[in-house]
Amino acid sequence: MFSQIFILSPRGDTIINRDFRSDLPKSTPETFFRQAKTYSGDANPLFAVDCIQFAHIKRGGLYIVGTSRFNLQPAMSLELLDRLAKEIKDFCGVINEEVLRKNFILIYEILDESFDFGYPQLMATEQIKPLIVNDPIQPQPDSVMNSLRPKIQTFNIFVPNTIGSQAVQRSVLNKNQANEIFVDIYEKLNVLFNSSAYVINQSIEGCIQMTSFLQGNPPLKLALNDDLQIGRQQGQYSAGVILDDCNFHECVNANELDMNKTLRIQPPDGQFVVMNYRISGDYSAPFRLFPIIEEISSSKIEVTIKLKACFDAKILASYANVRIPIPKQTANAYPELLKNAQQETAEYDSNKKIVEWQIKKLQGGQERSLKIKLTLQATQTAHTARKEIGPIAMNFEIPMFNVSRLQIKYLRIEERGNTTNPHRWVRYITQSSSYVCRI
Amino acid sequence: MRPHYASSIASIPPPKQQQYFEGNRKGEVNELKILVKNTLSEKDDKKKREVVKKVIAYMTLGIDVSKIFPEMCMASYTNDMVQKKMIYLYLTTYAEQNKDLAFMAISTFQKDCKHSDPKIRGFALRNLCSLRFSGAIEYLMPAIRESLSDIDPYVRKTAIMGCVKVYYMQPEFLSNIEEQLYKMISDNDPLVIINAIHALNEILAAEGGMALSKKLVDYLLGRLKEFNEWGQATILDELSKYQPKDDKEMFNIMNLLEERLKHSCSAIVLAVIKVFMNFTKNKPQVYEQVITRVKAPLVTLASISEGNLEIMYTILCHIKFIASKGYNQVFSQDYKCFYCRVDEPTYIKLIKLEILALIACDFNLGDMLNELGEYVTDVDQEISKKSIQALGAIALRLPDLANAIVKQLSSFITLQDYITNEVIIVFKDILRKDPKHIKDCLEIIQSDSVTDQNSKIALIYILGQFGSQIPLAPYILQTFIGVAESVELKHALLTSCLKVFFCRAPEMQEILGQLFYSIMNNENEDIDLKDRAAFYYRALQNNPNEIKKLWQNGIKVDKFLEEQNINKEALLFEFNSLSVIYEKSVNKFIKPAEYFNNLRNKELQDQIQEQQQSTTAEKPDPVQDGFDIEHDITVPNVPIVQNQPNLLEISEQPKQKLIIDNFVLDYRIEVEYFESMWTSLNNGASITRTLARNDIANENAMEQLFNRYRLYNIAAGEEDNVLQMYFYGAHKCQVFFEFEINRNLSTVLLNTKSELEDYAYLAQKYVEDFLKQSNLIV
């Protein structure tokens with residue numbers, strides 16, 4: 001159980017601070033922030049300072065922190081904080097500093113119902129909804145867009161960057177809410193190529209996520225592919241969709257999955273993940289990278305990278321970014337695009353020694369290429385420096401495309417009253433998780 | 001940052017220009033107080049809401065707004081739920097510091113506890129129970145007892161939590177509550193059940209928490225799916241303490257729980273695994289089956305946790321824990337799942353590297369060496385170092401494959417300084433265990449210089465140990481002599497030079513001489529090192545052969561640190577706890593409540609001192625009280641003695657007067673402690689005065705009076721019109737009082753004792769002053 005829960009801004013200001021048990025010092029937010037800053041990267045989610053236990057998650061740049069003097073169940077404490085973050089998201093629409101500052105009273109209300117004396121109480125959005133008296137205050141529209149698209153996207157893995165997902169960024173408290181449900185099939189690809197474009201390692205991590213604004217939370221029936229199979233036998237070949245393993249949300253009854261590939265769902269309000277799955281088998285990677293490195297002279301190197309989009313021409317990747325680390329001893333680097341390049345940029349960051357190649361839209365079947373001319377400092381020769389080039393990492397998103405071929409056959413609302421037929425929106429999104437080519 | 005926040009709360013009128021102190025928080029708070037007072041009479045709820053909201057905003061920022069307490073109490077008589085919720089949040093936060101005034105608010109809470117709407121009943125009760133001061137108890141208990149049998153589960157579950165709150169304030173008020181709580185486990189509402197379990201675990205913590213019978217276990221398991229995720233995790237955690245009577249029962253429970261492993265909530269999956277592990281810990285075969293069975297769900301959770309990297313980290317820690325307990329081969333097939341990904345934070349990559357080091361085996365080593373080799377050149381130095389350490393750990397664990405690793409590590413050595421440094425340290429460990437690898441390291445050791453302190457020591461160790469095989473050993477050692485280095489390094493250098501001397505005396509003699517000279521003729525040298533050098537020097541002068549024999553018959557090492565297995569049983573018990581994450585046993589990072597109470601008291605004390613310093617110029621606020629004093633308490637603005645109590649200094653008769661803020665708020669001691677101190681201390685100060693006022697000369701009023709001045713009652717008794725009370729408090733040191741009102745003689749007697757007599761005297765004056773002010777004495 002938590003003693004306190006507080007939320008800090010990226011700079012360490014306290015936005016929310018709730019003390020449930022009054023059994024720890026009041027200075028814990030400062031203690032936490034000081035400790036968190038001692039890590040070179042992100043702080044460990046769980047650490048102790050002077051026998052005070054800190055559990056935290058980072059969402060939208062904010063630190064959501066729970067403290068305790070007890071030996072917590074680590075997964076439970078982090079899941080609780082994650083649940084709290086989702087509640088805040090459900091009520092406020094999005095989670096970021098501005099929204100939290102504007103809605104801090106509402107968040108205190110949520111906290112008050114979610115925890116008593118540090119123990120989790122009502123934590124489902126639909127349970128808390130009738131107890132909440134404050135209305136959410138929406139931030140300025142343009143600032144939402146800014147905060148939604150952070151430059152470096154490290155968190156909220158399954159938040160799409162480009163698709164207009166305004167629809168799901170709404171508060172569940174919205175009175176004029178349409179009766180509808182959003183279903184997203186997200187797949188994150190993890191591919192590792194060696195320098196000859198041969199795949200060394202690949203896997204897919206996917207999930208079916210729903211955001212429900214259905215009135216009355218009617219039970220749902222979700223049908224998946226007929227050729228779906230869960231669990232991979234050694235050396236087995238099958239034409240169907242094989243998931244290595246999967247798990248389900250509390251509201252899901254998966255008893256019929258093996259028999260007729262359907263899931264029964266008792267949907268809560270707001271956002272939840274119906275099912276997570278992972279696939280380790282082979283699949284054809286949507287992008288291929290072909291790097292070529294040439295030593296022009298002892299101080300000059302030329303790197304040429306070809307990128308090929310190996311998917312159907314009807315499909316359009318909404319963006320594809322490529323990052324190429326170049327040697328520390330580089331004096332200068334000139335990235336050159338093809339003459340007819342459109343909606344493409346390439347920039348050299350001399351501090352980080354990285355070339356960023358950004359492609360706005362890329363149609364299936366197309367090929368792009370980039371040439372980087374490097375001049376080295378006198379202290380290093382091209383022969384040793386070329387070892388420092390790479391690995392090349394890719395970031396992309398392809399809407400309406402999925403690699404696993406996992407499909408939603410239908411989504412049925414089982415007990416429909418006399419009201420109108422609720423809208424059901426289904427989207428497929430494929431993103432890169434770790435898409436790397438080594439040199 | 002503070003002004004920025006205040007300004008972000010839209011539509012609040014800007015503060016009036018009445019600041020007493022520019023930029024002083026106190027000024028802002030005073031303004032706010034006036035603002036709240038003025039808005040109280042307003043009819044417009046919207047306006048009121050904004051003002052109350054502002055108070056909460058200040059509170060959140062950590063600004064002490066406790067001064068507005070009386071106004072906020074007044075404001076609590078509202079019917080507007082939005083305001084009420086905020087005001088209650090305020091009241092519960094500051095009640096501790098405003099005990100006397102908090103009574104004002106209690107009546108509102110009590111009224112709301114009887115409201116027809118269960119939501120409001122529960123809400124009021126929750127807040128009433130959160131008022132943290134002892135005086136509230138007498139109002140609290142009747143409300144809790146009544147609410148425990150309320151018709152609405154929301155109120156019942158709140159009442160149970162109320163019991164826990166009371167338990168931490170005054171446990172004696174909870175007599176026989178356990179029985180009722182046990183009964184409530186059969187409630188209809190799952191949350192009531194869970195709260196009852198939590199409450200029993202806290203109240204019965206000394207006896208190991210709630211008692212689990214077979215009947216109770218069957219009952220809870222039967223209803224398991226009615227609970228939410230956290231409820232299930234709680235019940236499963238309870239279950240892990242249970243021991244089934246026989247195998248049949250054990251397998252029944254395990255079969256029942258198996259499908260829970262498919263849950264996407266990691267808290268449930270880990271809790272189930274803990275149950276399985278604890279059930280089967282004495283049945284190695286079944287235990288191993290359990291580990292094999294839980295592998296897939298763990299790997300799934302570790303690969304994808306809905307983008308929840310923090311959970312992923314926790315799961316990885318648990319995988320590492322299982323792998324390090326001798327079940328590493330279970331995960332060997334899935335090694336690719338533990339490859340690092342570009343978008344992962346450092347903390348995940350580091351734990352993955354540790355797992356890879358554990359699960360490496362002959363069939364995956366080829367792939368893994370390539371992969372780890374890639375990480376060595378990672379831009380993140382931490383990752384680079386960790387991957388070198390991982391390679392070293394694999395070499396130590398799998399001696400047959402060490403050769404390939406040593407060769408691979410050798411290829412990194414010219415890349416970067418930090419890489420070379422780390423590789424040398426890893427080499428030292430590998431060579432310590434298996435000296436035959438020296439052949440492959442030779443070139444590296446002689447070709448490169450290392451920069452880091454620990455790496456230098458590692459290098460010196462290697463040179464000493466393998467001096468006979470490294471041609472350049474004496475000359476590399478020579479480069480360290482006389483250079484400003486740490487004592488630790490010089491100790492290593494001395495040892496290594498001696499070792500090389502015994503096998504290559506002609507080359508080493510002069511170098512060793514230089515070393516002795518540089519150590520023994522250095523005035524500032526560490527005394528131990530000097531001693532050691534002098535000892536060897538004389539021993540060598542006396543009989544070099546004898547000491548050579550001594551050295552060469554050194555202790556033979558056949559057990560290595562890396563091979564020692566930590567006690568499996570002891571750590572097993574702590575699965576699904578922070579022990580797994582920190583890799584420490586519980587007593588290393590958990591302290592009892594008293595420890596934190598001390599921290600809190602110290603914090604309060606510091607805060608008071610800080611306030612004192614910043615406001616010495618400011619007149620303190622009048623303390624409201626019921627003793628008809630119109631004037632302020634005379635609190636002289638004396639700066640606090642900054643130094644720690646020092647007998648010498650104090651013997652110079654401190655002239656200062658004590659003021660209320662010198663005393664620690666809510667200082668608490670045990671009766672036994674008081675008794676022992678009272679009997680052991682010398683008589684301090686003592687006064688007798690004439691009783692001037694009879695109406696307040698009773699136990700309750702006196703306790704309140706002393707309380708307000710931060711002196712606390714520990715015992716009281718009345719006999720034949722003589723009231724005797726004992727108080728205590730703490731400022732620089734503890735003070736203890738015996739206080740007696742003799743109504744027959746109309747006298748007031750006060751005895752004061754303290755470890756430092758002068759402080760007893762000062763405290764005596766302090767009490768006398770406030771007794772005078774309350775007109776109890778003249």
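## Interface and selected elements of chains A and B

About 8,500 Å² is buried between chain B and chain A, and carbon and sulfur atoms give 55% of that area. The model is predicted. To the contact, chain A brings 96 residues and chain B brings 98 residues.

The rule finds 12 salt bridges across the interface of chain B and chain A. One of the pairs joining the two chains is the salt bridge in which the side chain of B:Lys85 meets that of A:Glu113, at 3.8 Å from N to O. That distance falls within the 4 Å cut-off for a salt bridge. In polar contact across the interface of chain B and chain A are 46 residue pairs, with both residues at pLDDT 80 or more. On the side of chain B that touches chain A, helix α9 of chain B (residues 153-169) gives the most, with 7 residues. The residues on that side of chain B comprise 49 nonpolar, 26 charged and 23 polar.

Over all chains, the salt bridge count by this rule comes to 63. An example inside chain A is the salt bridge between the side chains of A:Arg18 and A:Asp112, at 2.8 Å from N to O. A:Arg18 lies in strand β2 of chain A (residues 14-19) and A:Asp112 in helix α4 of chain A (residues 104-114), so the pair ties together parts that are 94 residues apart in sequence. The two salt bridges named in this report are listed below.

| Salt bridge | N to O distance |
|---|---|
| A:Glu113 and B:Lys85 | 3.8 Å |
| A:Arg18 and A:Asp112 | 2.8 Å |

Chain A also contains an open sheet of 4 strands, in the order β14-β15-β10-β27, with antiparallel pairing. Its edge strands are β14 (252-253) and β27 (408-413) of chain A, each of which pairs on one side only. Within the sheet, strand β10 (residues 220-224) and strand β15 (residues 262-265) of chain A pair in the antiparallel sense over 4 bridges. In that part of chain A, A:Leu220 stands opposite A:Ile265 of β15(A).

For chain B, an unreviewed UniProt entry carries the annotation "domain: Beta-adaptin appendage C-terminal subdomain", which covers residues 666-771. Over residues 666-771 of chain B, the model has 33% helix and 38% strand. The end C-alpha atoms of this stretch of chain B are 20 Å apart.

Terms used. Residues are numbered from 1 along each chain as its sequence is written. Chains are lettered from A and ligands numbered from 1 in the order in which they are written. This is a predicted model: local features need pLDDT of at least 70, side-chain atom pairs count only at pLDDT 80 or more; totals for chains, interfaces and linings use all residues. Side-chain values use heavy atoms; hydrogens and water are left out. Contact means heavy atoms within 4.5 Å. Buried area is the accessible area (1.4 Å probe) that two parts lose on being put together, summed over both. A polar contact is a pair of N or O atoms within 3.5 Å; within protein, one must be able to donate a hydrogen and the other to accept it, and residues adjacent in sequence count only if both atoms are side-chain atoms. Helices (H or I, at least four residues) and strands (E, at least two) are DSSP runs, numbered from the N terminus. Ala, Val, Leu, Ile, Met, Phe, Trp, Tyr, Cys and Pro count as nonpolar, Asp, Glu, Lys and Arg as charged, and the others, Gly among them, as polar. UniProt positions are given in the numbering used here, feature names are shortened, and annotations may be inferred rather than shown by experiment. Two strands pair if DSSP finds at least two bridges between them.
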